[in-house]
Every structure is written in structure tokens, then in C-alpha cells.
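User: I have a structure open and would like to go through some of its side-chain contacts. Can you help me read them?

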Amino acid sequence: MLPQRSDKRLQHKARIAQTVLRALALATACSLPVTGLAQDSSRETYGAAHLWASEVRDFATQSLSTDEGVGVAAVPLDGPGIDQYVNADQLMSPGSIMKLVTTYAALELLGPNHRWETDFLTDGNLVGNTLEGNLYVRFSGDPKLTIERLWRTLRELRSMGVTRINGDLVLDGTHFQVDGFPKFDDTGDNPYRPFLVEPSAYLTNLNLLHFQVRADERGTQAWATPNLSEVTIDNRITATAEGPCPARRRFDWTPIFHDDNKVTVQVTGSLPQGCRTTTYLSLLPHEQYSASLIRSVLAETGVTVNGGDRLAKTPEDARLMMRTSSPDLVTMVRDINKWSSNVMARQMLLAIGAEHRQEDQKDDRVAGIEAIYGWLEGKGINTAGMVIDNGSGLTRHGRITARQGVKILQQAWQSPYASDLMASLPIIAMDGTMASRLKNTGLDGKGRIKTGLLANVRSIAGFTRDENNTTWAIVGMVNNDPAWNGKAVLDQVLHSLHYQPPTGTAVSQSDTAAGRRTTIQ
């Protein structure tokens, strides 16, 4: 967290002191005189302790027409403050703030240096420029096996002098044991959007195709990255005279699926010269996408696979040819929380399950959830009613209370990996999913907050500082139909917690030999 200026803190304390003394003077003027030495008057507490929660309820009522759809818990971690709870024991749908539970658990259950390895092996022999045998790809569920990493690894085969593989490309995805996934009831009209990609041991490049169209004096050119043989673009965008570039929503991308497992993507619209439009879509099953991607990268490096594609377990006696290791888990956690990657969070839950799977467990999603529940309960956190479901928050079934959430954050604050988790969270008004929120409010950089958004759900969770330089753990959720105004409610909660923290200010008086003495605490 960024340090606050000490002169601001002194000015803030001075303002509190002046306010309290004025209130005290008024109270004294209206009361009977006090006589006698060393006589203590009653102590009165001034502050926002009881008012802050009421203000939160007022924010909710004004914006949502009810205060029942908001749950908030705020707890000071390293300075003065009074715990605040609003509907904090009500189970609510958390949205993407559930990723905080998954990533914090991963840091402690897998370790910050955990890495995923993808191996390329063969059961054959090298003869001249030919690999006489199959090329096996043994996946480990790497959340971020990108096209760039694949290219760097597979070009090693060409560097070894290999230009032809006389065998099959065999994908081994046996690392995960999964018995299907709960279906997410998406309310949108595009089932191919990136945030809907499901996890898989075979995951490569987030299973995405990046489509682009650019207009120039020749007309329009369209292409996709990666360039897969199963995907064709039917470009119907017309080029127009130079002018303002239109928004991406002005273009219609329609996939047409064929019986031969190929896809044609038809795109329509008009595009001024010098402009470009782009979109990301997930159109192929993981196994097909990954096999096609690997073939495409091999072809670019000058290596041809003569055989077909199939799925099988890697033989025990297969020889290792190449290996690519992922960035460490801390890097993955940052990508997940800064940009709220659903598929990466779900991969991480499966990784926890695969690592902690018991002999009688046959589903790594369930094993991962049970491992997290046991870990939380070992920290003294009551998990009653909590539903993790898939680890990303992209679910209608997930549930957690604000009190449970803030207790998890309190534990995270004490964790050896607290700094790694905090560094992964979006910074208020600066980056990630908080980049455009609370700008020009003086809160820039004053907190690290994970956000959540689903239909009828808005949420925040993380750490923020008040004007006294105290760090607070904060969890806020809005479950309301509609919840579009919930974002404003939660932004107001963060604003109020910074500028009017519920610290409470106690004033006491006593008569001494030197006169009446007032103490402000």
C-alpha cells in the first residue's frame, strides 16, 4: 500500500479535535456547573462508528430502493477503527471476488513458486531430419500456455534438424480427472465470448482466436491469430473513406459450424480506411484447438507432421524431447485478479484438486473445493453455507457472507504471501478492473480491490486505507434485481471508508489542581 502524507493525518486529527471540542463546549454550556476536585465527567464517544453502517444502508436504499440487497464487512487491520457489519451474515452471490479465495488458497496450498510443465516426448527415433515415431504432448493444465511459449519451445525441434515427423500428434490430458462442470446460465447472446471458456488439461492460448480486420486503399483484409486450418473468415466488411473509427459493437461476427468440424466466421460492417476492428472468440473444442495450434506452429517453424491427431496417455518409456515451464504461480495469481480471468482461476482450482486429490476422489474440481474448505476451517473460518462451485465466481450457485469474506482477508493479511496476494489486486483508479473507478476522488492508489460483476450482482473485496493511514479489509456485495446501480453503492462505501472511517473519537474530562483537563483519544 502507498504511504500517506503525515501532514494530512495531522490535519485530519486536528479537524476531529476541533469538531469534538465544539460539541463538548456546547454540551458544557447547556449543563450545570461541576464542582469539586478530581471529579470525572461522563465519557462521551463521538465518531462515525454507529453512523457509518447506517450511511451504508442509506446509500443502498437511495440507489437500490432497499438495504436488504447489500452485504458489507469492514475491519481495521493495523490502526484505530471499529469493525462494521451490514447484513454481514447473509449468504450472497459473490461474483468474481470468489477468485480471491481461490488465489489465496493456491498461494498457500500449491506455493508461490509452483509451475506447470508441458512436455513433448517421443516413442520413436531420430533418423536424419526425420522423427520416426509419434510426438506426444503431455499437458499439466497450465493456465497460460500461450502461442508465444509454444513457438519458442517447438522451434527447438527445427533447431535439432528435424523437418518431418513420421507419426501422429498425440495429446495426453490425463493430468486432470474431471466429471464434467456445472452449467453456467449465461444471460448474453454470444456463447463464444472469452469469459465463458471452460477449463481443461488441454488448454492452450486460453482457447481463443483473435480476429482482426483492417481497411486501407486496397479494401479490407481479415486474419486470425493463430492461423488454424479449421477456421475460415468470410470477410464482408466494406472499406469507406477516412473518418472516425467505429466501435467494435458496430460489427457482427457470426460463426457458421460445418459437419467436417470446421468453422466459417462471417463478419459484416463498414470500416473507414486506416481503421481496424477486432474481437476474440472461442470456437473449437480444447483438444481440436490445441492440436491445430501445435500443427500450425510446427509448420511455421518448418516441421511437418505426416500422421493424424489423437488422444492417449504417454507411454512410460517415451523419451523427453522438449519442455516448457509456466511462469510461477505468483505471476498467474496477478493475471487472474488484475483482469479477472475466469478460465485461469478455474484451472487453478483444478490444479489444487489434482495436487491434493485423495484416493477415493475422482473429480479434481470437487477435490479442490474440499481442499480449500479444509484449509479455511484449519484457520478457524466457519465455511457453513459457503459455495465455491468453480473457483472463479462465474456461477449462479456461488455463495459467501461478507463476514466470511472479511475473515479470509484478515487471515490473508497475516499470511507469508500477503504481499503477493495484495500486489495481484487492481489498484483503485489506476489499473486492472479498477482503472476507471473512483477517478478524481483523491482515492487514486489508496486501495487494492478485486471486483465482481454478474447479472444482478456487483461486489468488491480487498484492502484500502483511510485518511488516518489505517488499512481496512473490506468486502461488499450487492445482490439486487437490477444491480446496475450497485457499483455506485460500493464505490460510495470505499469513498466513505477513506474519508469518514468509523474510528470513533472518545473525549474525557477531569478536574485537576491545575484546572479542568480535556483528553481526546
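User: Which residue forms a salt bridge with R236?

Analyst: That partner is D234, and the closest N and O atoms of the two are 3.0 Å apart. Keep in mind that this is a predicted model.

User: Are R236 and D234 buried, partly exposed or exposed?

Analyst: R236 has a relative accessible area of 48%, so it is partly exposed. D234 is partly exposed too, at 24%.

User: How many salt bridges does the structure hold?

Analyst: It holds 17. One of them is between the side chains of D89 and R403, at 2.6 Å from N to O.

User: Where do D89 and R403 lie?

Analyst: D89 is in the loop between strand 3 (84–86) and helix 3 (98–109), while R403 is in helix 9.

User: Which ring does R403 lie over?

Analyst: R403 lies over the face of Y85, at 4.1 Å from the ring centre. Elsewhere, the charged end of R346 sits over the ring of F181, 5.3 Å from the centre of that ring.

User: Back to salt bridges. What about D216, which residue does its side chain meet?

Analyst: The side chain of D216 meets that of R214, with 3.6 Å from N to O. D216 has a relative accessible area of 10%, so it counts as buried. R214 is partly exposed at 30%.

User: Why can such side chains pair at all?

Analyst: Side chains of opposite charge can pair when their charged atoms come close.

User: New topic: helix 9. How far apart are its end C-alpha atoms?

Analyst: They are 19 Å apart. Helix 9 has 13 residues (402–414), and at 1.5 Å a residue these should span 18 Å, so the two values agree.

User: Which residues of helix 9 are buried?

Analyst: The buried ones are A402, Q404, G405, V406, I408, L409 and A412.

User: Now the rings. How many aromatic pairs are found?

Analyst: A search of the whole structure finds five. In one of them, Y192 and F257 have ring centres 5.6 Å apart and planes at 45°, so that pair is tilted.

User: Where in the chain are Y192 and F257?

Analyst: Y192 is in the loop between strand 9 (169–172) and strand 10 (209–216), and F257 is in strand 13 (residues 252–257). The pair links distant parts of the chain, 65 residues apart. Y192 is partly exposed at 24% relative accessible area, and F257 is partly exposed at 41%.

User: What about W413 and F463, how far apart are their ring centres?

Analyst: Their centres are 5.9 Å apart and the planes are at 35°, so this pair is tilted. W413 is in helix 9 and F463 in strand 20 (residues 457–465), 50 residues apart.

User: Is F463 buried or exposed?

Analyst: F463 is buried, with a relative accessible area of 0%. W413, at 23%, counts as partly exposed.

Note on methods
Residues are numbered from 1 along each chain as its sequence is written. This is a predicted model: local features need pLDDT of at least 70, side-chain atom pairs count only at pLDDT 80 or more; totals for chains, interfaces and linings use all residues. Side-chain values use heavy atoms; hydrogens and water are left out. Helices (H or I, at least four residues) and strands (E, at least two) are DSSP runs, numbered from the N terminus. The expected span of a helix is 1.5 Å times one less than its number of residues. Buried means under 20% relative accessible area, exposed over 50%, partly exposed in between (1.4 Å probe, protein chains only). A salt bridge is a side-chain nitrogen of Lys or Arg within 4 Å of a carboxyl oxygen of Asp or Glu. Rings of Phe, Tyr and Trp (its six-membered ring) pair if their centres lie within 6.5 Å; planes under 30 degrees apart count as stacked, over 60 as edge-to-face and the rest as tilted. A charge sits over a ring if NZ of Lys or CZ of Arg is within 6 Å of the ring centre and within 35 degrees of the ring normal.
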